[in-house]
Amino acid sequence: MTAKPPKPIFIYTTPGDWQATVVEGRIFDTRGEYIGFIEGVSAYTRDGEWVGDLSKDGRILRKRAAKQRPLHPSPPPKPTTRPANLPARAPLPPQNGDITYDIVDVLEEDPDIFKRVSDRRKDIG
């Protein structure tokens, strides 16, 4: 008997656009490329830069005036293979609750946040 793999968590923007999928704590974009990871509810880029917190409705949110957190001390290594259970399409997004002005939908405001290399990471070499 084999254990069922955990269900993927879909990440959407406030308008309902599917942006990423979380599988086993790692975040993959819609093409299946590794872009970050989740620790608890906190979302990080692959370099370990904190982006925001994953809400119950599948958005990454943070306070507009949130202080910049230090880099994650030990980000997990990039996976060698793509997960086998990445879906080709996402289900319809859930009904999102309204967010107040002091909260930012990170992927709506800065859709390329996971694509950039952190300028806070020390250079190699």
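This is a predicted model: local features need pLDDT of at least 70, side-chain atom pairs count only at pLDDT 80 or more; totals for chains, interfaces and linings use all residues.
1. Buried here means under 20% relative accessible area, exposed means over 50%, and partly exposed is anything in between, using a 1.4 Å probe and protein chains only. Residues are numbered from 1 along each chain as its sequence is written, and side-chain values use heavy atoms, with hydrogens and water left out.

2. On to the charges. The whole structure has 5 salt bridges, a salt bridge being a side-chain nitrogen of Lys or Arg within 4 Å of a carboxyl oxygen of Asp or Glu. One of them links the side chains of Arg59 and Asp57, at 2.8 Å from N to O.

3. Another salt bridge joins Lys115 to Asp112, with N to O at 3.5 Å. Lys115 is exposed, at 55% relative accessible area, while Asp112 is partly exposed at 37%.

4. Asp29 deserves a look of its own. Its side chain meets that of Arg31 in a salt bridge, 3.5 Å from N to O. Asp29 is buried at 12% relative accessible area, whereas Arg31 is exposed at 58%.

5. The Asp29 side chain also goes for backbone. It reaches the backbone nitrogen of Arg31 at 3.0 Å and the backbone nitrogen of Glu33 at 2.8 Å. For polar contacts, the rule is a pair of N or O atoms within 3.5 Å; within protein, one must be able to donate a hydrogen and the other to accept it, and residues adjacent in sequence count only if both atoms are side-chain atoms.

6. Where does Asp29 sit, and what does it touch? Asp29 is in strand S3, residues 26–29. Helices (H or I, at least four residues) and strands (E, at least two) are DSSP runs, numbered from the N terminus. Setting aside neighbours within four places in sequence, Asp29 is in contact (heavy atoms within 4.5 Å) with Gln19, Ala20 and Ile35.

7. Now the sheet. It is open, has 8 strands with antiparallel pairing, and runs in the order S1-S2-S3-S4-S5-S6-S7-S8. The edges are S1 (9–12) and S8 (103–105), each pairing on one side only. From one strand to the next the twist averages 35°; axes are lines fitted to C-alpha atoms, for helices over the stretch in contact, and angles run from 0 to 180 degrees between N-to-C directions. Two strands pair if DSSP finds at least two bridges between them.

8. S1 and S2 (residues 18–23) pair antiparallel over 4 bridges, with Tyr12 opposite Trp18 in S2. Their hairpin has 5 residues between the strands, and Gly16 takes a positive phi near 105°.

9. Last up, Leu107. It is in helix H1, residues 106–109, and is buried at 5% relative accessibility. Leaving aside neighbours within four places in sequence, Leu107 contacts Ile11, Thr13, Gln19, Ile60, Ile113 and Phe114. Its C-alpha atom is separated by 9.4 Å from that of Val51, 56 residues apart along the chain.
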